[in-house]
Amino acid sequence: MTAAKRVAVLKGGRSLERAVSLRSGAQVQEGLQRLGHEVIGLDAGERLVPELLELGPDAAFIAMHGREGEDGTVQGLLEALGLPYTGSGPAACMRCTDKLLAKYLMREAGIPTPGFHALREDSIKELGAAAALAPVEADLGFPLVVKPARGGSALGVKFASSGDELPGAMVGAFSYDSTIVLERFLDGRDLAVSVLDAPAAGERATALPVVEAVPREEGFYDYESRYEIGMTTFVCPAELPPETTARAQELALAVYELLGCHGVARVDLMLEQGSGELWVLETNVVPGMTETSLLPQAADAAGIGFEELVERILSSAFTR
Amino acid sequence: MDDRRRTRPAAHELTRYEALFAARTRGMKSSAMREMMALTERPDVISLAGGLPDTSTFAPELYAKLMAQVAAEGTARALQYGPTEGMAATVDCIVEVMAQEDTLVDPSEVIVTTGGQQVIDLVCKTLIDPGDVIVAEAPTYPGAVPTFSAYQADVEQIEMDGDGMPIDALESTLDRLHEQGRRPKFIYTIPNFQNPGGVTMSLARRRRLVEVARERELLVLEDNPYGLLRYDGEALPTLYSLDAQAAGRGGSSDLVIYLGTFSKILSPGLRLGWAVAPRPVLEKLNLGKQGADLCSSPVTQMFVAAYFGERDAHGGAAWIDYVQRLRDLYRTRRDVMFDALAEHFGEHAGWTRPQGGLFIWATLDPRIDTTDLLALARNQGVAFVPGRAAYVDGHNGASSMRLNFAGVPEADIREGIRRIGKAMREQLGLLGSLSGGGAPAGAGKRAQSAGGEGAAATPELNAEDASPTREPQPDAGDSTHLADVVALPRRDEAPSARRRRDR
């Protein structure tokens, strides 16, 4: 265990995931306190940077989800302030948070990710991009998923089962970001593999046990069910053939390295029904730390208690 | 480490908690409404989302005087528990308020509650077993939705038109339920300036609703928070008074449970409402309330009693003057919102023209989901309640929104509507481009309400609408499988970064 530190836990902010972030932050604060650290919780707002300057903490623990906390904004600021911080650096944050960029990078690297096309809002007006819809539909088929390129949660994720539904779904997704991803719809099981850096420098990061999220009710694993106890059943370790587990973990590590993550990340995958293929959907650089979040559950299944988990993430601030 | 501190439950223990939760918690989703209320606390957001009256019009000097009076006349009583059914002096005020709506009640049939919301909760607690049917209007009060869900009620929503709930549609729903061997436990209605629809049930329908309730022996929960806040037109009799007439039993209704509140005519911060109910129901409500909170706050009950004792310069009741001031204020604000809607929504939307209350219900192009629009609007510093919050299934009403005009100054109403209108037009422009048409397809057309449940998302509330009539649109019935109601950030803490030093 490292010596006691003065740690600022950054949480809240103005993203749509504020509520979750506040809960993650509160859990992290408790964990850090139990570890004997001096903890200051900061709700990220207009005075965040001046407050950080006044406080001069030894490190910042980032528990902000979504925009600003996860897209490299806060990370870039902390670099400017010369403050050590947990998790990935700005570039990795940008690569992961931008689902489109992440998917291009994965495709180039040969990591399986569902077929997709992208559309920018301004290209519709300025380049007549609406005319590209027909070929996109032909390529991806229906149903398809429309999602904002950035935005950490299921907010704004739409399904279109036919061409008639597509414009509405796209306009909905454009409400959250000016770039959207149209993605082939996969039916299957939702898996998540969290990755933690090894405690010792130079060793390869560890993939934690696979978690499966089983929606309790019909339909979609939505924003609310993701964070409310009882709306989703989590199975950890997921009941999978050993080779599927190994493959999922290997894919998660490959994505983690490809995108240049540091400290911790959670990689979401889909195990396709029928084909049994694994597909990587996205990577979260600031995984939730609430009671129902997947990372603490996975760590627990690996015999890593919450405090050890928090300590390991904290140490990533000093190993960059 | 301090070992007295509770240690965090290990993740695998969570399933144990899950096993402890009552089955009804599965229906208890975080409500968009509650999350939305959090938004209204942000100073930089113009919130048209809340159900707020304007409490800034209440004179601070009067508040101070009344509180001093409560202290002088009854500190010990104010600080003590009170009777579950409420204090007699407060009940007298309630009788006085209801008399203003020509509704005479027997004080012994009144129970004082902690806000009108508690009446909804207690009525459900008293009447609803899991799977029981409640018939409600569509859209319905968004704050009732989580309550109905928590009691695992099966809610049948009846699409309203400009005259409120169509009773023939109610009857066919009742017939259909009857064929299934089911009988609703109660019919929930807000007859005056409905929340969120803004429409008022016509006199003919009120009479017919009471007849239907009597023919079929059904209870009606009449939620009437805004009855006294009428800005135009003639007041209509309450369902309670109509049923009391029909019952002919010395003025008491035997099928209507009446819900009233001081929230809109005085203050929601007092948390005082009431129910008037047939005696057997009342007794159960009373038992339910004992279990819930023993009694409503004597401090605020005594405040109300003191307030109702205030006289104006002419010896009249000062509370009635205050209600008149609110009417004048809200009427002006409503008209400002009408004008702003005409200017900024124009032909692209329809909206109701409430004769009172706090809310206007606007319905946009059927392909616009107002939950998504809210995400855009929020970035522009304005909030409203997305229509889905008023539907129990969380899907219908997707193209509508509830707008509060009462709690917001005129300049903010204009600016707020301007911002929403701008966001809406951006979406329409995009839809137009994506649909391959020049003009935004579907814009300026009225969404058709197909009548049957699960059909059209858009209610025909715009009967009195001044905006151009819109054509029926065949694709309005498409129910899209969109993400559930947006959850907006909770403001647990101060708006700006606040340092919190935890031990």
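Helix α11 of chain B, residues 298-308, is mostly covered, with 10 of its 11 residues buried. The model is a predicted one. The buried set runs through Pro298(B), Thr300(B), Gln301(B), Met302(B), Phe303(B), Val304(B), Ala305(B), Ala306(B), Tyr307(B) and Phe308(B). What do the buried residues of α11(B) pack against? Their partners are α3 (60-78), α4 (88-100), β2 (110-113) and α12, again of chain B.

Gly248(B) follows α9(B), and its phi is positive, near 55°.

Now step back to the domains of chain B. The assignment gives domain 1 as 23-57 + 321-477 and domain 2 as 76-308. Between them, 41 residues of domain 1 of chain B are in contact with 39 residues of domain 2 of chain B. Look at the domain 1 side. Three elements of chain B, α12 (318-344), β10 (359-363) and β13 (400-404), each supply at least two residues of the side that touches domain 2. The largest share comes from α12(B), with 6 residues. By type, this side of domain 1 of chain B divides into 19 nonpolar, 15 polar and 7 charged residues. Recall that α12 of chain B also packs against the buried residues of α11(B).

Chain A comes next. Its assignment gives domain 1 (6-86), domain 2 (94-112 + 186-318) and domain 3 (116-184). Taken over C-alpha atoms, the centres of domain 1 and domain 2 of chain A are separated by 22 Å. How many residues of domain 1 of chain A are in contact with domain 2 of chain A? There are 23, and they meet 19 residues of domain 2. On the domain 1 side, α1 (18-34) and β3 (59-62) of chain A each supply at least two of the residues that touch domain 2. Helix α1(A) gives the most to that side, with 8 residues. The residues of this side of domain 1 of chain A divide into 12 nonpolar, 7 polar and 4 charged.

Notes
Residues numbered from 1 in each chain as written. Chains lettered and ligands numbered in written order. Predicted model: local features only at pLDDT ≥ 70, side-chain atom pairs only at ≥ 80, totals over all residues. Helix = DSSP H or I, 4+ residues; strand = E, 2+ residues; numbered from the N terminus. Domains from an automatic or database assignment. Contact = placed C-beta atoms within 7 Å. Nonpolar A, V, L, I, M, F, W, Y, C, P; charged D, E, K, R; others polar. Buried ≥ 20, exposed ≤ 12 C-beta atoms within 10 Å, placed from the backbone.
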